[in-house]
Amino acid sequence: MLGVGLIGTGFMGKCHALAWNSVRAVFGDVGPVRLVHLGEANAELAVRRAGEFGFQKGSGDWRSVIEDPEVNVVSITTPNQFHPEMAIAALEAGKHVWCEKPMAPLFADAEAMLAAAKRSDKVAALGYNYIQGPAIRHIRKLLAERIIGEVNHLRIEMDEDFMADPDALFNWKHASSSGYGALDDFAVHPLSLLFTLFGRVSRVMCDMSRPYPTRKTEDGSDRAVETFDSASVLMHMENGVAGTLQVNRSAWGRKGRISLQIFGSKGSILFDQERANEFQLYVTSDRKTEQGYRTILTAPHHEPYDRFIPAPGHGLGFNDLKIIECHELIKRINGAPAHLIEFADGLEIERTVHAMARSYQEQRWVDVR
């Protein structure tokens with residue numbers, strides 16, 4: 001039986017806990033899992049969350065989770081800067097790792113994480129759950145079938161408004177210790193879709209901006225914002241496709257938008273994560289009198305939608321995508337092929353982010369490799 005450890009109990013920690021609790025009930029083809037040990041910075045909170053999330057025990061020291069002999073796989077859902085130390089320690093202790101994105105603020109730390117994964121021969125996966133959506137999976141199939149011909153241009157945007165309020169206080173995501181800002185906290189998600197659908201990015205030209213250069217602290221003083229909330233990128237994929245990437249975490253009114261537009265020689269495909277259970281398809285093979293975008297609602301024939309709901313058009317949610325990702329992780333741990341972004345591919349996403357940041361710093365086109 002797979003023994004699970006969890007470090008961190010915020011939004012994503014709860015999401016992982018829900019996934020571990022639900023994966024067998026949803027899919028039925030994996031063995032039982034045991035929620036063994038939960039770690040938090042505060043021991044009292046750890047014990048309380050352990051009871052709420054269904055774990056057998058809770059500790060105020062994350063190392064206790066990793067050192068627990070009954071734990072086989074560790075979910076890491078802490079702030080970005082803690083990922084390297086925790087993931088490397090878990091791998092060195094012989095545990096499988098499921099770490100939320102991004103790998104690390106520093107590229108050298110991400111490289112060290114991959115090296116540790118290779119030494120351990122354990123599964124080391126990253127939390128890129130948007131690639132698991134039935135609509136995205138089906139778009140991938142359509143592209144492989146060349147239903148829209150040869151893809152020649154793509155545009156992808158990610159916008160949310162959790163940083164949009166100019167009166168919100170300075171928090172850890174405004175500090176440089178968390179990374180660049182929108183690029184690594186945020187753009188990694190659309191990059192995971194591009195990586196899954198098209199492969200690697202080869203060249204980039206990036207601009208970044210700070211909508212609010214300073215933020216108030218709790219004592220009322222001003223503190224300079226050290227990260228960038230928005231970025232615009234011109235890019236070329238290794239397969240020759242050109243495109244743009246735009247991200248903004250200060251975009252009022254946007255809640256969970258990842259807008260993908262794919263243009264080909266025989267049609268186009270549109271997708272928006274805020275309407276995650278549908279996509280639009282235009283094909284020139286239709287008669288001209290009926291040509292137009294058709295809306296495709298996800299349904300049981302769009303795997304693995306059928307594992308959740310037997311009726312079309314009812315829709316899956318964010319936490320359901322994490323359950324699918326959890327199932328893929330277990331498949332991989334059991335030695336089967338899986339639809340995941342592991343550390344090796346995750347490092348390529350990190351490499352792309354750092355190339356974008358370097359492009360901004362040097363004000364020029366930069367080769368990703």
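Predicted model: local features only at pLDDT ≥ 70, side-chain atom pairs only at ≥ 80, totals over all residues.
**Entry 1: cavities**

I found 3 cavities of 30 Å³ or more in the structure.

I then picked out the largest cavity, and its volume comes to about 60 Å³. Which residues line the largest cavity? I listed Leu191, Leu194, Phe195, Gly199, Arg200, Val201, Glu348, Ile349 and Thr352. Two helices turn up here: α7 (182-198) and α9 (343-362) each give at least two residues to that lining. I also sorted the lining by type and got 5 nonpolar, 2 polar and 2 charged residues.

**Entry 2: Ser250**

Next I looked up one serine. Where is Ser250 found? I traced Ser250 to the loop between β12 (242-248) and β13 (257-264).

Is Ser250 buried or exposed? I noted that Ser250 counts as buried because its relative accessibility is 11%, and the cut-off for buried is under 20%.

I checked who touches Ser250, skipping its neighbours within four places in sequence. My list has Glu160, Met163, Ala164, Pro211, Tyr212 and Asp229. Met163 got a second look: the side chain of Ser250 reaches the backbone oxygen of Met163 at 3.0 Å.

Last, I compared Ser250 with another serine, Ser22. Along the sequence Ser250 and Ser22 are 228 residues apart, and in space I get 33 Å from C-alpha to C-alpha.

Methods:
Residues numbered from 1 in each chain as written. Heavy atoms only, no water. Helix = DSSP H or I, 4+ residues; strand = E, 2+ residues; numbered from the N terminus. Buried < 20%, exposed > 50% of the residue type's maximum accessible area, 1.4 Å probe, protein only. Contact = heavy atoms within 4.5 Å. Polar contact = N/O pair within 3.5 Å; in protein donor to acceptor, adjacent residues only side chain to side chain. 1 Å grid on protein atoms, 1.4 Å probe; cavity = no way out; pocket = protein on both sides within 12 Å on 5 of 7 lines; lining within 4 Å. Points joined across faces, edges and corners; volume = space filled by probe spheres on them. Nonpolar A, V, L, I, M, F, W, Y, C, P; charged D, E, K, R; others polar.
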